[in-house]
Amino acid sequence: MGNAIRDWPRLNRQCFEHTRPGGWVEFIDLDLTWTSPDGSLEESHASKKFNNEFIRASREANIESCPGLYLEGWMNDAGFKDVKAEKFVWPVGTWPKDKHLKEVGAWNFLQIMEGLEGFTYALFTRNLGMSKAEVEVICANIRKEIKNPAMHAMFHLHVAYGQKPEA
């Protein structure tokens, strides 16, 4: 839900308020910071530059595009107890050797390839002042890069869950 939620602490408080005592709440979201386990994604890559600009533009618009990093803390701050957090690799492409991660990477690759303009146009044209043509060039460069099997890009999926204390 990353860029769709404007006030994550408020959402956590609302969930706490509307959960019955003893009930559980779970949040799942991303840390959209792209990285690679082997250094194959470099700061000079179009994908990494795009990623940095996406996060910067989101934050300038008061949107947290990496909420996964903060889920556990927000849940604790809202009053949940026994909060647990887990972090999972979210590959971009089929480069992982692990069969499960290869499948996750294939689906993630597809959603990026199909949705890139959808989650880029408004943010980059409104917040960064880019033209539609500039965004199209950026998207084309990213598509070209992530098709390269030598680039092992990934980000992380975070899961946090906790329980509302009994009365």
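In the predicted model, ring pairs join Trp 8, Phe 27, Tyr 70 and Trp 74 into a cluster. Within this cluster, the ring centres of Tyr 70 and Trp 74 are 5.5 Å apart and the planes meet at 40°, so this pair is classed as tilted. Trp 74, with a relative accessible area of 14%, is buried.

A search of the whole structure gives nine aromatic pairs. One of the pairs is formed by Phe 54 and Phe 119, whose ring centres are separated by 6.4 Å and whose planes stand at 85°, so the arrangement is edge-to-face. Phe 54 belongs to helix H2 (residues 46-60), whereas Phe 119 is in the loop between helix H4 (99-115) and helix H5 (121-127); the pair therefore ties together parts that are 65 residues apart in sequence. Phe 54 counts as buried because its relative accessibility is 7%. Phe 119, at 33% relative accessibility, counts as partly exposed.

Charged side chains are also placed over aromatic rings. The charged end of Lys 132 sits over the ring of Tyr 121, at 5.9 Å from the ring centre. For Lys 164, the charged end sits over the ring of Phe 16, and the distance to the ring centre is 4.9 Å.

Helix H2 has 15 residues, which should span 21 Å at 1.5 Å a residue; the C-alpha atoms at its ends are 21 Å apart, in agreement with that expectation. Besides Phe 54, the buried residues of H2 include Ser 47, Lys 48, Phe 50 and Asn 51. Ile 55, Ala 57 and Ser 58 of this helix are likewise buried. The cover over the buried residues of H2 includes strand S1, helix H5 and helix H6 (132-146). Just after the helix, Asn 62 adopts a positive phi of about 60°.

Strand S3 (residues 154-163) is largely enclosed by the rest of the structure, because nine of its ten residues are buried. Strand S1 (residues 24-35) is joined to S3 by nine bridges, and the two strands run antiparallel. Asp 29 has His 158 as its bridge partner in S3. Strand S2 (residues 81-91) is joined to S3 by nine bridges, again in an antiparallel arrangement. In this pairing, Pro 91 stands opposite Met 154 of S3. In a regular strand, side chains alternate between the two faces of the sheet.

Pro 96 is located in the loop between S2 and H4. With a relative accessible area of 5%, Pro 96 is buried. Leaving aside neighbours within four places in sequence, the contacts of Pro 96 are with Pro 91, Leu 101 and Lys 102. The C-alpha atoms of Pro 96 and Ala 106 are separated by 9.9 Å, the two residues being ten residues apart along the chain.

Terms used
Residues numbered from 1 in each chain as written. Predicted model: local features only at pLDDT ≥ 70, side-chain atom pairs only at ≥ 80, totals over all residues. Heavy atoms only, no water. Phe/Tyr/Trp six-rings, centres within 6.5 Å; stacked < 30°, edge-to-face > 60°. Helix = DSSP H or I, 4+ residues; strand = E, 2+ residues; numbered from the N terminus. Buried < 20%, exposed > 50% of the residue type's maximum accessible area, 1.4 Å probe, protein only. Lys NZ or Arg CZ within 6 Å of the ring centre and 35° of its normal. Pairing = 2+ DSSP bridges. Expected span 1.5 Å × (residues − 1). Contact = heavy atoms within 4.5 Å.
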